[in-house]
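Welcome! Take a moment to turn the model around on your screen, and then let us walk through it together.

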Amino acid sequence: MQLLLVRHAIALDRNIPGIADSLRPLTEEGVTRFRKTARSLAAIVAPGLILTSPMLRAKQTAEILAGEWPGVSLHESAALGNGSRLQFEEALGRKSIPELVGAVGHEPWLSDWTAEWLGASLGSTFAFKKGGAALIEFDGRPLRGAGRLLFFAAPKALKDLGGL
């Protein structure tokens, strides 16, 4: 299977009084920039399922992604919101899943998970920028040390690929 990992796009700053972290929406700039990234990702991959953190900024990012693949199924995953790689792996193991799954989440978890799946020691080696993406391939289900990195890209590297 393959996992397309995507960090949520640019959201409101976490220090704005009166807005809970889980309810921070994407900014206008975040939406505009990520639409370009989503078009680019759609030009190179096509997941059959997108999983998202339940936090608003991730759900909004996942909705933009899903809009690029008509008919793709979009579901929340608590593990993408709470950072539990093992819980995420277990959830994937309980479902009949497509060959390519998109997963929209947060830092530092995406970096840590990527490092663990690739057998690297430091998650900071794979620091995801907002709107950044990675594609990891596994023989079977995702397991620690069993992944192969197919690409890792910042949003700037992806934004112009949509015109391919």
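Does methionine 1 count as buried or exposed? Methionine 1 counts as buried, because its relative accessibility is 8%; here buried means under 20% relative accessible area, exposed means over 50%, and partly exposed lies in between (1.4 Å probe, protein chains only). Please keep in mind that this is a predicted model, in which local features need pLDDT of at least 70 and side-chain atom pairs count only at pLDDT 80 or more, while totals for chains, interfaces and linings use all residues. Residues are numbered from 1 along each chain as its sequence is written, and side-chain values use heavy atoms, with hydrogens and water left out.

- Methionine 1 sits in the segment before strand 1; helices (H or I, at least four residues) and strands (E, at least two) are DSSP runs, numbered from the N terminus.
- Leaving aside neighbours within four places in sequence, methionine 1 is in contact with residues including Ile97, Val101, Phe138 and Pro142, where contact means heavy atoms within 4.5 Å.
- The C-alpha atoms of methionine 1 and proline 142 are separated by 7.7 Å, although these residues are 141 residues apart along the chain.
- Isoleucine 19 belongs to the loop between strand 1 and helix 1, and it counts as partly exposed because its relative accessibility is 31%.
- Not counting residues up to four places away in sequence, isoleucine 19 touches Leu12 and Arg24.
- From isoleucine 19 to tryptophan 69, 50 residues apart along the chain, the C-alpha atoms are separated by 31 Å.
- Threonine 114 is part of helix 5, and it is buried, with a relative accessible area of 0%.
- Threonine 114 touches Leu5, Phe126, Phe128 and Ile136, not counting residues up to four places away in sequence.

**Helix 4**

- An α-helix has 3.6 residues a turn, so residues three or four places apart point the same way.
- In helix 4 (residues 85–94), the residues Arg85, Phe88, Glu89, Ala91 and Leu92 are buried.
- Seen down the axis of helix 4, these buried residues fall within an arc of 160°, so they line one face of the helix; the arc is that of the directions from the helix axis to the C-beta atoms.
- Leu86 and Arg94 are exposed residues on the face of helix 4 turned away from its buried side.
- Among the elements covering the buried residues of helix 4 are strand 1 (2–7), strand 4 (100–105) and helix 5 (109–118).

**Helix 5 and its ends**

- Helix 5 has Leu110, Ser111, Trp113, Thr114, Ala115 and Trp117 buried, and their cover includes strand 1, helix 3, helix 4, strand 4 and strand 5.
- Most residues other than glycine have a negative phi, and most peptide bonds are trans.
- A cis peptide bond, with omega about 5°, joins glutamate 107 and proline 108; proline 108 is in the loop between strand 4 and helix 5.
- Glycine 119 follows helix 5 and has a positive phi, near 80°.

**Nonpolar cores**

- A nonpolar core is a set of buried Ala, Val, Leu, Ile, Met, Phe, Trp, Tyr and Cys residues joined through side-chain atoms within 4.5 Å.
- The largest nonpolar core has 24 residues, and those with the most contacts inside it include Leu4, Trp69 and Phe151.
- Helix 2 gives the most to this core, with five residues.
- Phenylalanine 151 touches Leu4, Leu41, Ile44, Val45, Ala133, Ala134 and Leu135, not counting residues up to four places away in sequence.
- A second, separate core of 19 residues includes Leu51, Leu110, Trp113 and Trp117.

**The largest pocket**

- A pocket is found on a 1 Å grid over the protein atoms alone, as an open set of points where a 1.4 Å probe fits, with protein on both sides within 12 Å along at least five of seven lines; lining residues have an atom within 4 Å of a point.
- About 270 Å³ of space lies in the largest pocket; grid points are joined across faces, edges and corners, and a volume is the space filled by probe spheres set on the points.
- Of the 15 residues lining the largest pocket, Ile10, Arg33, Lys130, Pro155 and Lys156 are the closest to its centre.
- Helix 1 gives the most to the lining of the largest pocket, with six residues.
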